[in-house]
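Have a look at it first.

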Amino acid sequence: MAARFILRRTSQILRSIPKHPQIFKSPKPILHPLTPTSPPDLSLLSPSPLLLRSLSTLRRTPTRPKKIDIGAKARQMQNRRLWTYALTFSCIAGFVVIVLNQFQDQLVFYLTPSDAMEKFAENPTKNKFRLGGLVLEGSVAQPAASQEMEFVITDLITDILVRYKGSLPDLFREGHSVVVEGFIKPFSDEVRKEVSTKAVSGKARGLDCFFSATEVLAKHDEKYMPQEVAAAIEKNKKIIEANQEAAKVAASS
């Protein structure tokens, strides 16, 4: 029964083959007309410099990191630290020197006329002083040819002429202590013509310089003087007394 069915089916398939011949026909090839083509652009195939550079960097093998010399690194840091300290110290030292020089230029010392004349003789460029002493009695005057007041300050050994333009303080008295601030200046011919010719100031006029005061501070007596000036005057008093006693002894013998 099964064999009869298979034969019948096979005969049906064979009868249907002539009705569909396109199944076994090969497709016709599609032919394109020949057209002239341009030669290929070989410049497009050449690699660009950027591409070559990137390829060259890709070919490089990574370098091994160098070994760090810890000792050399420590020495380098130490040297750098020492240089930093040296520069810092130099800057600070220079700043201190500049400040001290400026301060020294503005610094004014209390001096007696003897000390002031000695220092001025050693260094005439340093002529600013704060002078202390006693106003010599009978030395205050105002010359007719000058607008400046003048008087003589003494430490009982050295007399120096002081010229001051302005009003003297109320406590200013002859024979009392005074402090003046100003500059020692050499006598000029014009100044010598203006100076009074009082006999009491003859010793001060005999010097080659005078004191040009910018400020006058009057005190009651020696007790209000600067300590160094009062000590110098007291010392000069003892020297004068000793010289007078020696002169008396020499005269009596």
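Contact here means heavy atoms within 4.5 Å. Helices (H or I, at least four residues) and strands (E, at least two) are DSSP runs, numbered from the N terminus. Keep in mind that this is a predicted model, where local features need pLDDT of at least 70, side-chain atom pairs count only at pLDDT 80 or more, and totals for chains, interfaces and linings use all residues. Residues are numbered from 1 along each chain as its sequence is written, and side-chain values use heavy atoms, with hydrogens and water left out.

Let's start with helix H4 (residues 113-122), where Pro-113, Ala-116, Met-117 and Phe-120 are buried (under 20% relative accessible area with a 1.4 Å probe, protein chains only; exposed is over 50%, partly exposed in between). The buried residues of H4 pack against strands S1 (110-111), S2 (128-135), S3 (149-154), S4 (159-164), S5 (177-186) and S6.

Now the charges: there are four salt bridges in the structure, each a side-chain nitrogen of Lys or Arg within 4 Å of a carboxyl oxygen of Asp or Glu. Among them:

| Pair | N to O distance |
|---|---|
| Arg-130 and Glu-181 | 2.7 Å |
| Glu-148 and Arg-163 | 2.8 Å |
| Glu-194 and Arg-163 | 2.8 Å |

Glu-194 sits in helix H5 (residues 189-194) and Arg-163 in strand S4, 31 residues apart. Both Glu-194 and Arg-163 are buried, while Glu-148 is partly exposed at 21%. A network of salt bridges links Glu-148, Glu-150, Arg-163 and Glu-194.

Arg-163 also turns up among the contacts of Ser-212, a residue of strand S6 (residues 209-218).

Notes: Lists of a residue's contacts leave out its neighbours within four places in sequence.
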